[in-house]
Amino acid sequence: MRLRSIGLALVTTIVLLSAATVAQADAGISEGSALLRLVEDDNEDLFLRCCWARGRAGFHFCEEYGVCESDPEATCKGVGDAEGRTLSCKAGPPASLGDGG
């Protein structure tokens, strides 16, 4: 009877530890996904700031800093983390950009 209780306790412990490990892995994936979304949103904001010359932080994200300010007919092209992104300057700056900083 005592061996059976020890065996049951051992199996229960293993199951609980396995479940905890899976839960931690799922939480890590969820946190990683949220972090990735924040980075992507930040990169998009920096790209737009670069195109519209709003703030200094975004100048590494576009081919020509402030191209939309100097040429409203231009197309802003991303470089670095914004590689492959383009923006038609005709659309005007997004309201979310504010005055930069």
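**Close-up 1. The Cys-68 to Cys-89 disulfide in the predicted model.** Both Cys-68 and Cys-89 are buried in this predicted model. A disulfide joins them, with 2.0 Å from S to S. The angle about the S-S bond is -70°, and the link is left-handed. Cys-68 sits in helix α2 and Cys-89 in the segment after β2 (86-88), so the pair ties together parts 21 residues apart in sequence.

**Close-up 2. The Cys-51 to Cys-76 disulfide.** The sulfur atoms of Cys-51 and Cys-76 are joined at 1.9 Å. This link is left-handed, with -85° about the S-S bond. Cys-51 belongs to helix α1 and Cys-76 to strand β1 (residues 75-77), so the link ties together parts 25 residues apart in sequence. Cys-51 and Cys-76 are buried.

**Close-up 3. The Cys-50 to Cys-62 disulfide.** Here the sulfur atoms lie 1.7 Å apart. The S-S angle is -70°, a left-handed link. Cys-50 is in helix α1 and Cys-62 in the loop between α1 and α2, so the pair ties together parts twelve residues apart in sequence. Cys-50 and Cys-62 are buried. The whole structure holds three disulfides, in the pattern 1-3, 2-5, 4-6.

**Close-up 4. The largest nonpolar core.** This core has 16 residues; Phe-47, Cys-51, Cys-68, Cys-76 and Leu-87 have the most contacts inside it. Two or more residues come from each of α1 and α2. Helix α1 gives the most, with six residues. Beyond its neighbours within four places in sequence, Cys-68 contacts Cys-51, Trp-52, Cys-76, Leu-87 and Cys-89.

**Close-up 5. Ala-53 and its positive phi.** Ala-53 lies in the loop between α1 (2-52) and α2 (67-70). Its phi is near 55°. Most residues other than glycine have a negative phi. Ala-53 is partly exposed, at 33% relative accessible area.

Notes
Residues are numbered from 1 along each chain as its sequence is written. This is a predicted model: local features need pLDDT of at least 70, side-chain atom pairs count only at pLDDT 80 or more; totals for chains, interfaces and linings use all residues. Side-chain values use heavy atoms; hydrogens and water are left out. Helices (H or I, at least four residues) and strands (E, at least two) are DSSP runs, numbered from the N terminus. Buried means under 20% relative accessible area, exposed over 50%, partly exposed in between (1.4 Å probe, protein chains only). A nonpolar core is a set of buried Ala, Val, Leu, Ile, Met, Phe, Trp, Tyr and Cys residues joined through side-chain atoms within 4.5 Å. Contact means heavy atoms within 4.5 Å. A disulfide is a pair of cysteine sulfur atoms within 2.5 Å.
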